[in-house]
Amino acid sequence: MAEIKGILFDKDGTLVDFNATWLGVADFMAMDAAEGDRWKADRLLAAAGFDFATKRFKPDSIFASGTNMDVVELWFPRLSEEDQMLAVARFNEITSMQGSAMAVALPGIVETLGILHGKSYRLGVATNDSTTGAEKTLLTLGVAQLFDAAYGYDAVANPKPAPDTILAFCDLTALKPSAIAMVGDSRHDLEMARVGGCGLAIGVLSGTGTRESLSQVADVILESVADLPELLSARVSETI
């Protein structure tokens with residue numbers, strides 16, 4: 001087993017409480033897209049994967065794991081390319097401002113990130129949110145200083161599940177992919193880890209993913225990132 005020296009984290013559902021942070025933002029986006037029509041906004045939310053019965057987004061749904069471009073293409077399929085870019089810019093503004101301002105850290109996350117940083121792990125964020133949104137969220141949570149970089153879907157040529165973010169993090173840290181663990185709550189996160197050759201693909205059950213949806217692509221599944229230091233310490237002990 002290669003020694004893990006760097007960790008890439010998904011953001012929403014992994015570091016940030018997805019529903020507490022994003023339900024209000026998603027509703028705002030849908031109402032904005034529907035020009036205030038509540039019925040139409042609800043139809044847009046359902047199309048993006050919102051389950052009105054459970055009041056949660058479904059695992060691997062567009063809103064749970066896609067980009068703002070994915071949402072625009074779903075909600076506005078007949079827009080011209082120029083108008084699509086304007087819509088994406090509008091959604092980027094909403095998510096970077098409101099999503100970061102409303103960010104709620106999952107229990108134990110801030111303390112856990114401090115522990116991992118103290119153990120000299122190189123830390124990064126790999127999200128399908130915008131890069132600006134990711135950076136502002138880390139500032140809101142008070143953990144920006146612990147991270148080497150945050151990569152949004154607009155920071156790389158191809159977002160998750162493509163391996164571009166892993167390669168960018170390797171270039172920055174001079175680590176090999178086999179020395180990096182990818183941690184996330186969706187299949188996109190773990191599929192990126194597989195394609196990118198990460199040493200560990202770690203699923204967490206703190207977001208929209210379920211044990212069933214993650215088990216086929218994860219090396220290990222944890223309840224949350226708060227369990228990560230213990231896992232990594234045990235893994236080090238096994239190599240000694």
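**View 1. The structure holds one cavity of 30 Å³ or more.** This is a predicted model, where local features need pLDDT of at least 70, side-chain atom pairs count only at pLDDT 80 or more, and totals for chains, interfaces and linings use all residues. Residues are numbered from 1 along each chain as its sequence is written, and side-chain values use heavy atoms, with hydrogens and water left out. A cavity here is a set of points on a 1 Å grid over the protein atoms alone where a 1.4 Å probe fits but cannot get out. The largest cavity holds about 230 Å³ of space, the volume being what probe spheres set on the points fill.

**View 2. Here's the lining of that largest cavity, 20 residues in total.** Lining residues have an atom within 4 Å of a point. Nearest the centre you'll find D12, F63, A64, G66 and D129. Elements giving two or more residues are α1 (18-33), α3 (62-65) and α4 (68-75); helices are DSSP runs (H or I, at least four residues). Domain 1 (6-17 + 104-238) and domain 2 (19-102) both contribute to the lining, so the cavity lies between them. The domain bounds come from an automatic or database domain assignment.

**View 3. F18 and F57 form an edge-to-face pair.** Ring centres are 5.9 Å apart and the planes sit at 80°, so the pair counts as edge-to-face (centres within 6.5 Å, planes over 60 degrees apart). F18 is in helix α1 and F57 in strand β3 (residues 56-57), 39 residues apart; a strand is a DSSP run of E, at least two residues. Both F18 and F57 are buried (under 20% relative accessible area, 1.4 Å probe, protein chains only).

Technical notes: On a 1 Å grid over the protein atoms alone, a cavity is a set of points where a 1.4 Å probe fits but cannot get out, and a pocket is an open set with protein on both sides within 12 Å along at least five of seven lines; lining residues have an atom within 4 Å of a point. Rings of Phe, Tyr and Trp (its six-membered ring) pair if their centres lie within 6.5 Å; planes under 30 degrees apart count as stacked, over 60 as edge-to-face and the rest as tilted. Buried means under 20% relative accessible area, exposed over 50%, partly exposed in between (1.4 Å probe, protein chains only).
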